[in-house]
Structure formats: C-alpha cells, structure tokens
Amino acid sequence: MATVPLPAAAAPSLRRAIMAWGWIAVVGQLLFLGYIIALYAPPLVTGDFIRWSRGGHAIDAYVPGDRTGNIQFGLHILLAAILTLGGLLQLSPRLRARLPAVHRWNGRLFVVAAILASLGGLWLVWVRGSRLNMASATAITLNAALILAFVILAVAAARRRDFAGHRRWALRAFLAVSGVWFLRVGMMAFALIGIGLLGLPKQSAQAFFAVWSFGSTLVPLLLLELTFRATGGAQRALSYGFWLLSALTAVGIAGAAALMWWPHL
Ligand code: HEM
C-alpha cells in the first residue's frame with residue numbers, strides 16, 4: 001500500500017504531520033473511489049442508467065436521449081476512477097522502488113487519463129452545459145488548465161531525466177487532479193464545523209462554495225509550495241498546520257462519507 005512521499009529535507013516533526021495527513025487522505029480517496037464504483041458501475045450491467053442521475057450529486061449525469069452527453073459523462077466517470085486509484089498508486093515510494101516498470105506504465109495511464117478527463121470535463125461544462133454558475137465553471141476550468149500544464153511539465157521533466165523536477169510537477173498534478181475531491185471534503189468540513197458546530201447560517205455554505213471552488217485547487221498547491229521551500233522554524237509552523245489540516249480533513253471525509261458516499265457503498 002502507498003506510503004506518502006515527503007520532501008527530502010523535511011524535519012521529523014513535519015514528516016510525521018504530513019504522513020498523518022497523507023494517510024487520512026488515502027482513506028478518503030479510497031472512499032471516494034468506492035462511491036464512484038458503487039454508484040456508476042452497476043447500470044453498466046443492469047442498463048438502468050437513470051440511476052446515475054437519481055442516486056448521485058451530478059448536475060446532468062444521464063439525460064434520456066442525449067447519447068453524446070451520456071457517453072461523455074460515462075467516460076468522465078471511468079477516467080475519474082482510473083485517476084483516483086492510479087494517483088494513489090503512483091505516489092507510493094514502495095511501488096516506485098520495487099516495481100519501476102509498473103510505476104512507468106501507471107504514470108503513462110495517469111497522464112493520458114488526466115488529459116482526457118480535463119478535456120472531457122471542459123466539454124461537459126462548456127458544451128453540454130453541466131454547470132451550476134459561471135464562477136464555479138471558471139473555477140473548474142482553471143483546475144483543468146492546471147492539470148494539463150502540470151502533467152505536461154511532469155512528462156517533460158522525466159524526459160530530461162530531471163527526476164527532482166519530475167517529482168515536484170507530479171505532486172502538483174496529483175493535487176490538481178484531487179481538486180474535485182478537496183472540493184467535496186472541504187464543503188463537508190465547512191458544513192459540519194462552520195454550520196453544525198459554530199452555528200453559521202446555512203446560506204453561508206453558498207459563499208464558502210464560491211470561494212472554495214477556487215480554493216480547492218489553489219490552497220493545496222500553495223501549501224505544497226510552502227512545504228517545498230520551508231526551513232527551520234517555518235517547517236515547525238507547517239507541521240502544526242498539517243496536524244490541524246489532518247483533523248479538518250478527517251472531519252470533511254467523515255461528513256462526505258456519511259452523507260454523500262456511504263449511501264452508495
Ligand atoms: C481530474 C480529476 C477529476 C475527477 C476525479 C472527477 C470526478 C468526477 C465525478 C466523480 C463526477 C460525478 C459527480 C459525483 O457523483 O459526485 C464528476 C462530474 C463532473 N465533472 Fe469531473 N472530475 C475530474 C475533473 C474534472 C474537470 C477538470 C472538469 C471540468 C473542466 C470536470 C467536470 C465535471 C462535470 C461538469 C461534472 C458533472 C456532470 C453532470 O453533472 O452531468 N471534472 N467528476
């Protein structure tokens with residue numbers, strides 16, 4: 001099973017905190033994968049495709065009569081499953097060390113899947129019209145653009161045999177691909193802590209969504225850049241930050257699992 005990749009010069013306290021966050025995220029991503037399979041795979045056997053729309057949280061999903069849109073949506077979900085599992089496997093230092101050929105082939109699959117999921121996702125948003133509003137459509141478009149840029153830069157670095165650069169771009173690509181997962185987990189953490197615990201009004205979820213639809217892509221990337229650059233006291237501060245994040249992520253995952261994913265598992 002995957003262990004979490006760590007910055008080479010990280011202090012032990014920071015390594016522990018990142019490991020804790022990483023393992024919580026692995027559990028959360030596996031639950032998301034379980035949801036994707038449990039909700040979207042059975043109609044492939046039963047033919048009851050309307051279940052995609054009734055059971056899930058998508059905007060359009062299956063629309064009777066919209067053959068192209070339905071196929072694009074189905075492909076998007078298949079690619080989402082490949083990316084969620086493939087991303088976790090790809091980050092495993094153990095797999096990289098013991099089975100480098102698997103790492104290389106899984107990496108190629110991840111790159112192709114990330115490019116197709118981003119382009120197909122853009123088609124769903126801008127051609128099919130599966131969008132809540134312009135702001136969230138712009139946010140997911142930024143996410144797609146960053147995924148495309150990062151996977152291309154990760155491949156280019158590997159081709160140059162710049163392995164440190166490859167690792168950095170691959171981590172950025174992984175976090176950008178995980179943007180849709182951060183969006184769900186962050187929304188649920190806000191619902192449970194912000195609204196449930198702190199008593200913020202329910203309507204504040206909309207304002208948080210407007211900010212977090214961008215933040216779910218940008219905040220993890222910002223934290224990664226800080227982690228790459230931090231030294232000394234900044235690493236200690238970051239390690240406290242990662243413990244706090246671990247707790248918030250665990251709450252968000254628990255909420256998403258209980259309210260969005262578990263009903264389908
Ligand atoms: C690359 C990682 C991505 C993953 C893992 C992923 C995953 C998913 C999943 C699981 C759904 C179904 C909704 C649900 O049941 O919660 C979905 C729907 C959707 N995704 Fe993605 N997605 C990714 C990237 C993107 C990108 C980059 C875009 C747009 C540029 C996009 C656009 C959409 C749209 C528009 C829908 C809703 C379709 C509808 O409501 O009919 N996705 N995605």
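Q: Where do Phe208 and Trp212 lie?
A: Both residues belong to helix H10, 4 residues apart, about one turn of the helix; helices here are DSSP runs of H or I with at least four residues, numbered from the N terminus. The model is predicted, with local features requiring pLDDT of at least 70 and side-chain atom pairs pLDDT 80 or more, while totals for chains, interfaces and linings use all residues. Residues are numbered from 1 along each chain as its sequence is written, and side-chain values use heavy atoms, leaving out hydrogens and water.

Q: How many aromatic pairs are there?
A: The count comes to 13, where rings of Phe, Tyr and Trp (its six-membered ring) pair if their centres lie within 6.5 Å; planes under 30 degrees apart are stacked, over 60 edge-to-face and the rest tilted.

Q: Why is the pair of Tyr40 and Trp52 called edge-to-face?
A: The ring centres are 6.1 Å apart and the planes stand at 70°, so the pair is edge-to-face. Tyr40 is in helix H1 and Trp52 in helix H3 (residues 51-55).

Q: Why is the pair of Phe208 and Trp212 called stacked?
A: With centres 5.9 Å apart and planes at 15°, the pair counts as stacked.

Q: What makes Phe208 partly exposed?
A: Its relative accessibility is 23%; buried means under 20% relative accessible area, exposed over 50%, and partly exposed in between (1.4 Å probe, protein chains only).

Q: Why does Trp212 count as buried?
A: Trp212 has 15% relative accessibility, so it is buried.

Q: Why does Tyr240 count as exposed?
A: Tyr240, in helix H11 (residues 232-261), has 59% relative accessibility and therefore counts as exposed.

Technical notes
Helix = DSSP H or I, 4+ residues; strand = E, 2+ residues; numbered from the N terminus.
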